[in-house]
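The sequence and the structure are shown first.

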Amino acid sequence: LQLINPQIVRVFLDTAEAGSGINKLYGAAALFMGFAIVRQIIQLVATYVGEQVAWTATNALRADLALHCLKLDMSFHKKYKPGELIERVDGDVNQLADFFSQLVVQLGGNFLLVIGALLMLWLQDWRIGLSVAIAAFSGVAALNWLRQFTVPRWQALREVDAKLFGFLEEWLNGIEEIRTSGAEPYIMVRLYQTLRDRWHKILSAMRVQVLVADLPLGVFALAYSMAHIIGNSLFQEGGMSIGTLYLIFYYLDVMREPLWQLRRQIENLQRASASINRITEMNQVKPSVLDQSNGRLPVGPLTVSFENVSFRYEDDLETDVLQGINLRLKPGSTLGLLGRTGSGKSTLTKLLFRFHDPSQGSITLGDEGGRQQDLRQVALSELRKRVGMVTQQVQLFNATVRQNVTMFDDGFADDRLLQVIEEVGLRGWLDELPKGLDTVLDAGGGSLSSGQAQLLAFARVFLADPGLVILDEASSRLDPATEQLVEMAVDRLLENRTGIIVAHRLGSVKRVDEIMILQDGQVAEHGARAALAADPESRFAGLLRAGLEEALA
Ligand code: ATP
Ligand code: MG
């Protein structure tokens, strides 16, 4: 449409000069306005559709990336801070919104317009067409060549951005520690350093970007001068009417606007390419814990067996955190896991949940009848149903009590929830909440004591009713009243279930059937609790004499 309008103006001019009827001029004017209005309407529709596409596409991408991150290994999540991931999942995708909404339509549209204008120029006079075309295509070639310098620079900037957000998130999370230890100056220095780094990265990207930005203008100036020279000589020779001459300059002007826009869009395109590279990179990280089997686990209490299991964390090349662990646990029995801090107790429990797979050996779950399933053969969803875990740090969500207990599963009746909460001894606490089950808890559980948070986590496990329960006791002390509540809840939790308790307290050790003491990732002692306690030579007896808590600290 933009290309048709000048044709109408040419007719108008040439008609006016020839002195033909006024009606013809009115007609041309009406046609001109009609086309202008249609053009506006099309622009409106294109913008609407563009935004629609942009939001649908980027939201889908955000969802894909978020799900992908949730499935990635724990080692990935240790490497990238949450703030960095936010910058990737949201920040990088945001860069693409512009790309989807306008870039494709406009870049394509402007490109077509330039080609069309060139074609029209060519039709008016091939010499003018040819010279302008040469100028335009050498400009495009130069822009393409510059890409290799701009894209990596934008990508580096995105990386610093992500680091900055990772850093912000980290210190906001640690605000209590930073205040109490007076680490503000350190934080500020790090912030200045990161900001300075970011500034350098922007400068470096902008230096190349200036070239990219000004290139289309240079090309335009060149084309304009050529058209002037050639057009002028043709007019002088009488080979061209005033209308045609007008047309040539009009088409050149038509090219000016898209060239201006191309300049901005090419910057966007190069930024978008940088983000696309980063998104692709993240999408290509594959989890090592794969969920490929659909094995089921038997109902009721489960047997647990470790066969010569060794494990090392990916980034820890030197030592195995666990070495040659062997263990057989009968259904319904309870194992107490003891050992100094750092001996590998939590790591052992994490293997059972397939946060990681063992580097050697195998872990199997099964029933008394001897049906055993290697963990890798069990569907992850099944594993999560049949194995319940309370970790050292209970994570609560900024959601209602109900959602925190059911973990966002709507399939539980309130009666069942209340029964479970009663069983873990939180009924009194719940009754004092203003809105009962609908009370919204703070993120991170700021409004609960750590004992209450643990009890709430017990309630989650009760509700799920697994066949194996793993308790990684918080190493911090609870007050005697809460401790008693926790112990009673643990007793109920272990009824008719197999249990593994990482014990930091004498009270928890009392109820277990077997004791395993870990030392530097190896089994230092393993046996029935009663037998070990009776044997004065055993380490366990020694721990009991010393008072477990003090001895393990
Ligand atoms: P605590 O009683 O303090 O809870 P623990 O026995 O549970 O200690 P683990 O958390 O199993 O100890 O850690 C065992 C060893 O593995 C430690 O040396 C620790 O540094 C290392 N470790 C733990 N988690 C990781 C990890 N994600 N990446 C690398 N090494 C780790
Ligand atoms: Mg631990």
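## Nonpolar cores

In this predicted model, the largest nonpolar core holds 44 residues, of which Leu338, Val401, Trp429 and Phe458 touch the most other members. A nonpolar core is a set of buried Ala, Val, Leu, Ile, Met, Phe, Trp, Tyr and Cys residues joined through side-chain atoms within 4.5 Å. Buried means under 20% relative accessible area, exposed over 50%, and partly exposed in between, with a 1.4 Å probe and protein chains only. Two or more residues of this core are given by each of α11 (401-406), α12 (414-423), α13 (427-432), α14 (450-464), β7 (468-472), α15 (480-494), β9 (514-519) and α18 (539-546). Helix α14 supplies the largest share, 9 residues. Helices (H or I, at least four residues) and strands (E, at least two) are DSSP runs, numbered from the N terminus.

Another core, of 32 residues, lies apart from this one and includes Leu302, Tyr313, Ile325 and Phe353. Contact means heavy atoms within 4.5 Å.

## Basis of the values

Residues are numbered from 1 along each chain as its sequence is written, while chains are lettered from A and ligands numbered from 1 in the order in which they are written. For this predicted model, local features need pLDDT of at least 70, side-chain atom pairs count only at pLDDT 80 or more, and totals for chains, interfaces and linings use all residues; side-chain values use heavy atoms, with hydrogens and water left out.

## Packing against helix α8

The axes of helix α5 (residues 126-173) and helix α8 (residues 242-283) come within 8 Å and cross at roughly 30°. The two helices are therefore roughly parallel, and their crossing is right-handed. Axes are lines fitted to C-alpha atoms, for helices over the stretch in contact, and angles run from 0 to 180 degrees between N-to-C directions. Angles under 35 degrees count as roughly parallel, over 145 as roughly antiparallel, 65 to 115 as roughly perpendicular and the rest as oblique. A crossing is right-handed if the near helix is turned clockwise from the far one by less than a right angle, and left-handed if anticlockwise. The contact of α5 with α8 comprises 11 nonpolar, 6 polar and 7 charged residues. Here Ala, Val, Leu, Ile, Met, Phe, Trp, Tyr, Cys and Pro count as nonpolar, Asp, Glu, Lys and Arg as charged, and the others, Gly among them, as polar.

Helix α1 (residues 4-18) also packs with α8, at an angle of about 155° and with the axes 9 Å apart. This arrangement makes α1 roughly antiparallel to α8, and the crossing of the pair is right-handed. On the α1 side, Pro6, Gln7, Val9, Arg10, Leu13, Asp14 and Glu17 take part; they meet Ile242, Gly243, Thr244, Tyr246, Leu247, Tyr250 and Tyr251 of α8. By class, this contact of α1 with α8 has 8 nonpolar, 3 polar and 3 charged residues.

Asp73 occupies the loop between α2 (22-71) and α3 (74-79) and is buried, with a relative accessible area of 11%. Beyond its neighbours within four places in sequence, Asp73 is in contact with Pro287, Ser288, Val289 and Glu314. The C-alpha atoms of Asp73 and Ile41 are separated by 50 Å, and these residues are 32 residues apart along the chain.

Met74 lies in helix α3 and is partly exposed, at 38% relative accessible area. Not counting residues up to four places away in sequence, Met74 touches Phe355 and His356. In helix α4 (residues 82-124), Arg88 is buried, with a relative accessible area of 7%. Leaving aside neighbours within four places in sequence, the contacts of Arg88 are Leu65, Val93, Arg278, Glu281 and Met282.

Thr406, in helix α11, counts as buried at 9% relative accessibility. Not counting residues up to four places away in sequence, Thr406 touches Phe412, Leu417 and Leu463.

Most residues other than glycine have a negative phi. Met407, in the loop between α11 and α12, has a positive phi near 50° and is partly exposed, with a relative accessible area of 38%. Asn496 has a positive phi near 55°; this residue is found in the loop between α15 and β8 (498-502) and is exposed, with a relative accessible area of 64%.
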